[in-house]
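Let's take a friendly walk through a protein fold. Keep the picture beside you as you read.

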Amino acid sequence: MNKEIHALEIDHVSKTYRNRTLLGKTSAVKIIDDVSFAIPQGKTLGLVGESGSGKSTVTRLALRQEKPTDGSVRFFGTDIWRCDKERVRDFRRSVRMVFQDPYSSLDPRMKVRAILSEPLIVAGMDDKDEIERRLRRTMTKVGLASDYLERFPREFSGGQRQRIAIARSLILSPRLLVLDEPVSSLDVSVRGRILNLLKDYQRTNNTAYLFISHDMASIGFLSDCIAVMYFGSIVEIGSADDVLQNFRHPYTEMLIHSSVAASLSDRDAEPPAELPSHLNPPAGCAFYGRCAYRKDVCSHTPPRPAEIGDGHFVSCHFAEALAAVRGKETIRRDGEPEYAL
Amino acid sequence: MNRLLWVEDLSGHIDTPKGRLHILNGVSFCVHENECFGIIGESGSGKTMTALSVLRYAERLGFQIDAGAIVFEGEDVLGFNKRRLLHYNGGRVAVIPQDPMTSLDPLFTAESQLVETLRTHKKLTVKQAKAQAYAIAEKMRIAPEKLKCYPFQLSGGMLQRIVGAAAIACHPKMIIADEPTTALDVTVQLQYLKLLRDIQDEYGAAIVFISHDMHAVSMICDRIAVMYAGRIVECASKNGLLRNPRHPYTRALIRSANLSGEVRGKYDTIDGVPPDPLAKPVGCSFADRCPHSMPRCFAETPPKTTRDDHEVCCWACQKDESKT
């Protein structure tokens, strides 16, 4: 089997922030704890989790805005923190970002033309005709008329603004696109069009996407792989089908159930949804306080990630038992289960 | 069931330097006692302006009502004077705003803001008000120590619960929740919706739930109205609307909301854009995006037709019915 080259590889990355008080005491806060994933060329990894789970820190690490405390971040095989300046410049040109809010991510005083040509000029392009050609081609790609180039962002609706933001990211033909909740501030009718646009672009240009969202439906639509984050760690990772249909972590189950329409009265009361504190991390499983299937062992022993299928990893003591409870399928097991639910 | 709120043919505009924006073009609906009524629509469809008109806040934003009536418990809301209005807002009708971060004063603790609300509407001593504040907080499942905190010390879900506590503090007859879950995480959203439902059962208040999120609306509401370009185009019970949508816009909205959560091929979308509010509406405002539009749709505004409590404004639907 030949080794696949990944567009982005996050390899056992941890990030610790140090906090020094007035008296000189230092305290360390571990925001990201041993996170690993890889995105092959032309594929999408969906990253799900609620606010405070560390999704944004992972994006900042992937964009080389933060240096990992441990582990390495590799872009097409090159460690982006252990390479020369030329490589770093190349990396910056090939990795682009689309932000959540198209109202605040576009400069209100710049015309669309200026917004789109800025990355080209920064990248050292000075041929006016070539810039013009690129602008028009990119506008067509995102489905906007080229006479919109002379307008200001305020003249556009939310969906159109997000197209402009996407055009700005695509204009340098990036090899990796980081999408931070690109559709969550848009109306449902517009949301679909942006997602279709992203999917079509990926199919024709073989760009890798790191797609961050808390909306399971759009994650399922765009992603090949899904990683579920909770409290700074990946609790479940696998192919989109595995995670969406054959999920084994109680937190994934909770996320999926929260996003599927059902009557509220069908549900039992859930434990309070507060994340544990990073200053005082729990000894056992971080999800203990909210888990519906918790047992004593969870309160003192943190679970290790275990492979339960082809590339499908889950960090839960009861990953196999959860499958039995759900009755979806039977899984091979050597010997009796250690714990019974 | 008794009618609590009744809005009839409400139209209004805002004058801007660019011209007159026709925000509402004949909104009619009624909310019964003790029900959860959902209003769903895209941004710019006039959901929030409808809510603000009912609260009489809209006028302060330069919104002028051209025609229509708002009747709450048999009283004409548009005719209220200042004193009546003070009792009406917060006392009989309360609002849960979209963004809990900006709707609480950052300089005061949650407790003092609850006490302030209570003492504005009821004759209470500080001590009594405090006791009530803690009782309400318990109902909203807020831990007592959280009330001593300032807004910046609390999470989004907790802040939204505090805003909710302030809304129910004076036992209002109706709570208007304007996109209360948009700023929250999915897992917290669900809990908040459940909490709203429980509170409704206990207090017997009606909820007007405004949202663009089909999931949230279908989880909590008994009846749902769909708004498009300043009009309510369809209004029915939850099951009637979701299982048997009749207006082409509602159908497209439900398809693109993708309630089952399963898409692999292509996302359903609605082509075209909503009409420009600067133009005075003629005919059905959805006509140019509608796959079933007829010449009549562009010329005449479709009237409301009702069948089995399922109201719809659409020429094509009327035609279908006359056939059967």
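Predicted model: local features only at pLDDT ≥ 70, side-chain atom pairs only at ≥ 80, totals over all residues.

Residues are numbered from 1 along each chain as its sequence is written, chains are lettered from A, and side-chain values use heavy atoms, leaving out hydrogens and water.

**The sheet**

In chain B, four strands make an open, antiparallel sheet in the order 2-1-4-5. Strands are DSSP runs of E with at least two residues, and helices are runs of H or I with at least four; two strands pair if DSSP finds at least two bridges between them. Strand 2 (19–32) and strand 5 (75–76) of chain B are the edges. Helix 1 (residues 47–55) of chain B packs on this sheet and touches strand 1, strand 2 and strand 4 (63–72) of chain B (contact means heavy atoms within 4.5 Å).

**Salt bridges**

A salt bridge puts a side-chain nitrogen of Lys or Arg within 4 Å of a carboxyl oxygen of Asp or Glu.

| Pair | N to O distance |
|---|---|
| B:Asp15 and B:Arg20 | 3.0 Å |
| B:Arg92 and B:Glu73 | 3.0 Å |
| B:Glu111 and B:Lys130 | 3.9 Å |

Is B:Glu111 buried or exposed? B:Glu111 is buried, at 8% relative accessible area, while B:Lys130 is partly exposed at 34% (buried is under 20%, exposed over 50%, partly exposed in between, with a 1.4 Å probe and protein chains only).

Technical notes:
Axes fitted to C-alpha atoms, helices over the stretch in contact; angles between N-to-C directions.
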